[in-house]
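Thanks, everyone. I have one structure to go through today.

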Amino acid sequence: MVTLTIDGQEIQAEEGQTVLEVARQAGIEIPTLCYHPLLEPYGACRLCVVEVIRHGRSRLETSCTHPAWDGLEIKTRSPAVIEARRVVLGLLLSRCPNVPVVQDLAREYGITEPPFPTDTPDEKCILCGLCVRTCHELVKADVLNFSQHGPERLVGPPFLEKTRQCIGCGACTTMCPTGAIEIVLEKEAVYKEKPLGPTSAIWVPSMQAVPRVPVIDTDACIRFRQNDRTNSEIADACGACEMVCEAGAINFEQQDEILELDVGAIIVATGFEMWDPHQLSQYSYGKSPNIITGMEFEHLSNAGGITGGEILLADGRKPERVAIIHCVGSRDHNAHPYCSRICCMYSLKQAHLVRDKTGAEVYEFYMDMRAFGKAYEEFYERVQEEGVCMVRGRGAEVEVLPGGKLRVKGEDTNLGRLVAVDVDMVVLSTAIEAPHDADRVAALFGLGRTEDGFFAEAHPKMRPVETNTDGVFLAGTAQGPRDVPDTVAHAGAAASMALALLDKGEVTISPQTAIVDETLCSGCKTCIALCPYTAISYIEEKNVARVNEALCKGCGTCAAACPSGAIMARHFTDQQIMAQIEGLFRVLEPEPVEVGR
């Protein structure tokens, strides 16, 4: 540990720290435009100069590069320091007179006008070099560099030409203190102004996630993109998250693992996926950044989102008129014929948020308002009282007008005529559907699926959380569309059924199972491929099939398909079935009746 004095305050510091780091830890602010803790400092902007006094000698030094030595005396606001910063800020303001961060700093030091005239009033680059060092030291792409000398000095790729070396990671734009660098996207890119999704490569999937652990999107992460681009030759690209993680929880070498566990019960809670509205071209989704889905609206209105919870258009303005279209992909034979159940209520909630945050006019195009839950009807009435215009009829088409406005066309069944309204934003209340890999999960656990793609329960009324596979239960939207209260209740029922099964300690199986007569089995394996419950296995040593009676449900598929007749269904042999038929159709002779004498 070393001891130094900053502005009369005695401070303990660790060896190797710079004066700037020590001052910031002590709450002493020193201005700088070229410093970032992930990069090696080199004092390019000269704003962080301080007066360093040692052994009676005083001199000006950049605090971001000067080490914190024992016995140093530092003055951050002495007259010499103030004058040096005034000179630097005057030069920066003359170069970039319209950059807000430079204007604010200059104003703090009494400079309101540039001391020298400029021919480039729109210049934003202060030549701090943060972008160059980021591209070299963090990203390892080596795309940006300085070119030319003196007042003609510039920052850009080699020969200031387009280059394939740039991976478009955006790290330079994040580091740039003045906003001088922008990523130019292709015209056909969707949501180029304000992407309504994760704004970084490492993020928490959901604010309510349990456990609340961030994940790395390898498709967006600079490190993984550089590794893919160079066939893993660059192994140390970026790693900023690893540098700042105090817990040391970042491991770029971690791979997916397959764990085998012995369990007594399984709860399938695979959830749902949001339907892609690109499949219905009449809604023009993707043709305007102001046509968004309900999920994207949630990202937009979330306090932790890209706009801090403000509901804004792509150009940053607040909308004046918003249309919300229900049943996009639901109750539609061109998409899903079923009702998604959640759309009406989340659309009403979003209408309430728009009215509360922006005061904009809101138009709800709906077919039928299905406010079925507790206090749902009351909320529906509250939203109407807030001034939301309810249009009963499906929104049939969204047209993007030349000026950027959106025109929603539909039918008002109450008025009995077609209507159209021009709005600034359209929110599509999209359907929910079964996960795309539900068929793999169904095959893994021997589950049935209904026509809509969700997993089938054993009985829709008497056994809504059980499946035809013992020990496997359904929870939430894995079984079908449902809202949060219903999902919680359904999941609790599934958990209680699993606990009851485990607490029992033993399993009672049905006596109606299949059995293989191994003397007749030819080992053709036909039954193995047909068994929906994977209850039949092949015994190589004996070249025969064998039934696992704990898995078998006695459906009879194998018995019907066996070419050698080696499989029988217990209690359903030919003799037993024939006896039952004879019993049904046997005519009983009438018993003799005694006639009284």
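I'll go through the salt bridges, then one arginine, then a surface patch. Keep in mind that this is a predicted model.

Salt bridges to start. The count comes to 16. I'll show you three of those pairs.

Take E298 and K349. Their side chains meet in a salt bridge, 2.8 Å from N to O. E298 sits in helix α8, residues 294-301, and K349 in helix α9, residues 343-357, so this pair ties together parts that are 51 residues apart in sequence. How accessible are the two partners, E298 and K349? E298 is partly exposed, at 24% relative accessible area. K349 is partly exposed too, at 32%.

Next, R392 and D368. The closest N and O atoms in this salt bridge are 2.7 Å apart. R392 belongs to strand β15, residues 389-392, while D368 is in the loop between β14 and α10. R392 counts as partly exposed, with 31% relative accessibility. D368 is also partly exposed, at 26%.

Now K405 and D424. This salt bridge has an N to O distance of 2.6 Å. Both residues are in loops: K405 between β16 and β17, D424 between β18 and β19. They are 19 residues apart. K405 is partly exposed, at 35%.

One more point on D368 and R392. Salt bridges with shared partners join them and R331 into one network.

On to the arginine. R133 lies in helix α4, residues 130-138. R133 is buried, yet it has no salt bridge. Where is the nearest side chain of opposite charge? That is E137, 4.8 Å away. The cut-off for a salt bridge is 4 Å, so E137 does not qualify as a partner for R133. What R133 does have is a backbone oxygen: a polar atom of its side chain lies 2.2 Å from the backbone oxygen of E40. Leaving out residues up to four places away in sequence, R133 touches C34, L39, E40, P41, Y42 and L138.

Last, the surface. F572, I577, M578, I581, L584 and F585 make a nonpolar patch of about 630 Å². Look at L584 there. It is found in helix α15, residues 574-585. L584 is exposed, with a relative accessible area of 70%.

That's my tour. Happy to take questions.

Terms used
Residues numbered from 1 in each chain as written. Predicted model: local features only at pLDDT ≥ 70, side-chain atom pairs only at ≥ 80, totals over all residues. Heavy atoms only, no water. Patch = residues over 30% accessible without salt bridge, like charges linked within 9 Å, V, L, I, M, F, W, Y side chains within 5 Å. Areas by Shrake-Rupley, 256 points an atom, 1.4 Å probe, with all protein chains shown as cover. Helix = DSSP H or I, 4+ residues; strand = E, 2+ residues; numbered from the N terminus. Buried < 20%, exposed > 50% of the residue type's maximum accessible area, 1.4 Å probe, protein only. Lys, Arg positive; Asp, Glu negative; His and termini not counted. Polar contact = N/O pair within 3.5 Å; in protein donor to acceptor, adjacent residues only side chain to side chain. Contact = heavy atoms within 4.5 Å.
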